[in-house]
Amino acid sequence: MTRRLWLRIGIVAVVAVVAVFYLYPPKKTINLGLDLQGGIHLVLGVDIDKALQMQTERAGDTVRATLEKKGVSVKSIERRGVTELTVQLASPKAWADAQTALKDVPIFDVKDADQPAGRFVLSMRPREVAGQREWFVKQGLETIRNRVDQFGVAEPSIQQQGDNRILVQLPGVQDPERAKSLIGKTALLEFKLVNEGANVEQAVAGPVPTGSELLYERRVDKQTKEERRIPFVVEKKALLTGADVANARVSIDQNTSEPYVSLVLTGAGGRLFADLTSANVGRRLAIILDGNLYSAPVIRERIPSGLAQITGSFTSETATDLAIVLRAGALPAPVQILEERTVGPSLGADSIRKGIVSSAAAALAVVFFMLIYYRLSGLVADVALALNLLVLLAAMAGFHATLTLPGIAGVVLTIGMAVDTNILIFERIREELRSGKTVRAAIDSGFARAFRTVIDTHVTVLVSAAILYQFGTGPVKGFAVTLAIGIFASLFTAVFFTRLVFDLIYMRGRRVESISI
Amino acid sequence: MLQIFVNANYDFIGKRRWFYLASGGLMLLSLVWIFFVGGLNYGIDFTGGALVQVRYDKPASVDLVRRGLDEIKLGNAVIQQFGDVQEYLIRLPQGGEKPEQLSREVQGALSKVAGAGVEIRRVEFVGPQVGRDLQLQALYAVLAGMAGILIYVAFRFHYRDGAVSVVAIAHDVIVTLGVMSLTHREMSLPVLAALLTIVGYSINDTIVVFDRIRETRGKGLRKGQAWADMVNGAINQTLSRTVLTSFTVFLSALVLLLFGGEVLRDFSFALLIGVITGTYSSIAAASLVMDWEIWSRARARAGGKVSAKAKA
């Protein structure tokens with residue numbers, strides 16, 4: 001045999017060995033998609049405008065404090081649109097002082113100034129807004145990642161998608177509802193004083209006193225499972241927030257054996273907490289999460305330890321989840337589920353079984369057809385097909401591509417398309433034989449002439465696969481990947497490998513009178 | 001040995017008007033059906049909404065599912081048996097339930113009414129914005145696929161062949177959509193994947209014929225041989241290839257349809273139709289190339305005469 005022939009045998013052998021190496025053991029190397037192993041796929045929309053509004057309002061408080069520190073009395077500061085504040089000074093005389101003081105808040109530009117009326121608009125600088133937008137998404141991503149890590153999911157995937165979307169994929173989660181509420185919760189924790197002077201019934205019926213708001217506590221009766229909502233009037237100003245919490249964990253009450261969440265505050269938070277408790281002994285301190293009041297215990301004495309606790313009607317599960325979100329921190333902007341695809345583990349197992357059955361059935365049908373129609377050459381094509389599937393699966397393992405249910409469909413289609421290449425070549429060889437060529441000449445020109453067509457047909461399928469990949473989400477992307485790899489693999493197996501086998505059978509030494517095709 | 005269409009010599013070109021009529025007619029029929037009669041049955045991927053697949057641990061009925069859903073005021077949902085009598089698909093229109101709570105509520109209500117265990121096997125929720133985005137993107141994807149192939153074929157062959165390829169692909173996609181509409185099958189993301197596969201694959205048979213036409217032309221036309229004979233010859237010579245290659249993919253798609261399960265059913269069906277239309281449309285496509293060629297030559301000759309007259 002010539003050296004070239006040996007080289008070609010070597011290449012095929014190396015490819016086969018490398019493929020087996022990558023593929024072994026298949027259970028570990030082939031990455032199954034969420035639709036096959038079960039899990040959650042979530043696309044979350046980050047409500048950036050809402051967060052910007054809140055940010056602007058907080059900045060309004062800073063502006064007011066800055067102005068008042070400089071002795072400028074402010075009548076009102078109101079948010080206008082998303083990122084603007086309308087400031088009304090108590091007197092236009094303080095105009096110059098106000099403008100000087102504002103230099104200390106360098107995130108705003110002054111516009112629409114009306115000096116005689118003592119009114120101007122502060123507009124957040126575009127660079128600041130852009131920076132905030134980016135930060136909301138990045139920070140949201142980070143927070144969700146923290147929560148998922150603490151929840152304990154094997155190989156989660158959390159990515160930014162587009163400008164303001166977050167893609168979360170959690171394989172193999174047993175309780176999707178719990179995971180969803182854990183991820184989607186804003187988890188804004190606030191400590192606010194209860195407005196003891198306000199009449200709760202009046203506030204429920206009519207206007208809430210200025211500077212206060214009406215919040216509800218949900219209480220579930222242990223016996224009747226009945227849910228009651230108890231109204232509270234609390235002061236709007238949050239004295240402490242989740243940002244002051246250093247750690248949170250679940251504890252069990254010794255007396256009632258009910259779970260609660262105990263908090264360790266940060267150093268600064270602890271000092272604030274000590275001050276606020278000593279200044280407000282006898283008043284109730286409401287603990288609020290995402291606008292729901294959890295409990296409002298009476299402050300009995302100054303608490304210098306920096307330890308606090310949240311009680312409420314917790315199960316050990318809800319207490320654990322609350323501790324997780326408090327440790328991981330609040331989402332800077334509320335998120336909303338835009339898309340969800342959850343597949344239970346049993347359906348995934350079903351899909352795998354059906355996928356294997358249909359792949360096997362398709363392979364059998366095609367293999368038999370090729371064998372009957374092309375005999376020995378058909379057998380060669382069948383071996384090439386097996387090699388193709390081996391290379392396809394190994395490439396998927398090597399590229400860490402994900403096998404999805406449509407991906408399995410891609411494998412099945414690849415079976416049908418891979419032999420197409422051999423059919424094109426074999427039909428061409430038959431044609432050359434009919435035109436009177438010898439076996440060797442027919443093989444030579446059959447391969448040479450069919451090759452051009454084969455390339456063309458491959459490219460068109462590749463174009464489709466590429467666009468599908470660009471366009472598709474999860475499972476559909478998986479289909480595009482399998483299709484594309486299968487097409488590439490078939491160039492190697494159906495052309496290179498088949499040609500090699502033909503050369504080995506027909507092209508060496510002795511004269512060849514006939515070919516089984 | 002087993003062979004089909006050996007020395008096939010059918011008069012495709014002579015009967016090409018019938019092929020035009022069949023292909024054009026089917027395309028027109030499909031369009032009319034899609035736009036005026038059946039419409040396209042968009043799934044939640046494109047419209048937004050929610051879908052819940054449930055499995056009872058004992059046989060149930062659509063009616064039982066409905067009574068369960070009535071409990072939580074979702075009685076207007078579309079309920080469909082999915083596979084055997086224990087498994088059902090519940091489709092909720094846009095603007096219904098919050099996705100956070102949906103599956104727990106459905107599970108609770110269904111198992112309470114049926115007095116049986118109910119497993120939530122699959123939940124899909126697509127927000128309205130995502131759905132609208134997808135509809136548009138899907139259209140772009142199919143158009144981009146066709147444009148890609150137009151460019152490639154025009155580059156490898158001739159712009160005329162590229163244009164005809166796109167007509168052929170449009171035919172295959174439209175007829176497939178027509179059949180999907182006729183059989184009330186759902187348009188989902190996997191079906192879109194099938195359509196794009198059709199875009200890339202159905203053109204293959206046409207390319208095989210184009211390749212043969214180019215090869216024959218390269219050898220030079222035998223004296224007195226008309227374009228018509230050459231194109232007819234090319235179609236006949238590649239007939240076995242066209243049919244055999246389609247057959248293997250047809251076989252694969254058929255197996256998927258039969259054994260691939262409910263989730264892949266519409267996908268495999270679309271593919272099956274696409275493979276069939278892709279095969280016969282290649283004949284009309286080749287004929288179209290010929291008519292284009294004859295027409296442009298006639299025009300060139302006519303143009304030549306005009307200029308000759310002008311000179312005289």
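This is a predicted model: local features need pLDDT of at least 70, side-chain atom pairs count only at pLDDT 80 or more; totals for chains, interfaces and linings use all residues.
Student: OK, so two strands pair if DSSP finds at least two bridges between them. What is the bridge partner of A:Gln88 in β6(A)?

Tutor: A:Gln88 is partnered by A:Arg119 there. Residues are numbered from 1 along each chain as its sequence is written, and chains are lettered from A and ligands numbered from 1 in the order in which they are written.

Student: Got it. How many bridges link β4 and β6 of chain A?

Tutor: Five, with β4 (residues 84–89) and β6 (residues 119–124) pairing in the antiparallel sense. They sit in an open sheet of four strands, ordered β3-β4-β6-β5 in chain A, with antiparallel pairing. At its edges are β3 (74–80) and β5 (108–114), each pairing on one side only. From one strand to the next, the twist averages 20 degrees.

Student: Which helix packs on that sheet?

Tutor: Helix α4 (residues 48–69) of chain A does, touching β3, β4 and β6. Its direction makes about 160 degrees with that of β3(A). Contact means that the C-beta atoms of two residues, placed from the backbone, lie within 7 Å. Axes are lines fitted to C-alpha atoms, for helices over the stretch in contact, and angles run from 0 to 180 degrees between N-to-C directions.

Student: Changing topic: which domains is chain A divided into?

Tutor: There's domain 1 (3–38 + 344–506), domain 2 (49–129) and domain 3 (185–341). Those bounds come from an automatic or database domain assignment. The C-alpha centres of domains 1 and 2 of chain A are 67 Å apart.

Student: And chain B? How many of its residues contact chain A?

Tutor: 55 residues of chain B are in contact with 60 residues of chain A. On the chain B side, α10(B) gives the largest share, eleven residues. By class, that side has 30 nonpolar, 16 polar and nine charged residues. Here Ala, Val, Leu, Ile, Met, Phe, Trp, Tyr, Cys and Pro count as nonpolar, Asp, Glu, Lys and Arg as charged, and the others, Gly among them, as polar.

Student: What does α10(B) pack against at about 165 degrees?

Tutor: Helix α12 (residues 405–434) of chain A, with the two axes 9 Å apart. The two helices are therefore roughly antiparallel. The cut-offs: under 35 degrees is roughly parallel, over 145 roughly antiparallel, 65 to 115 roughly perpendicular, and the rest oblique. Among the residues that meet are A:Leu413 and A:Ile423 in α12(A) and B:Leu244 and B:Val255 in α10(B). The contact divides into 13 nonpolar, five polar and three charged residues.
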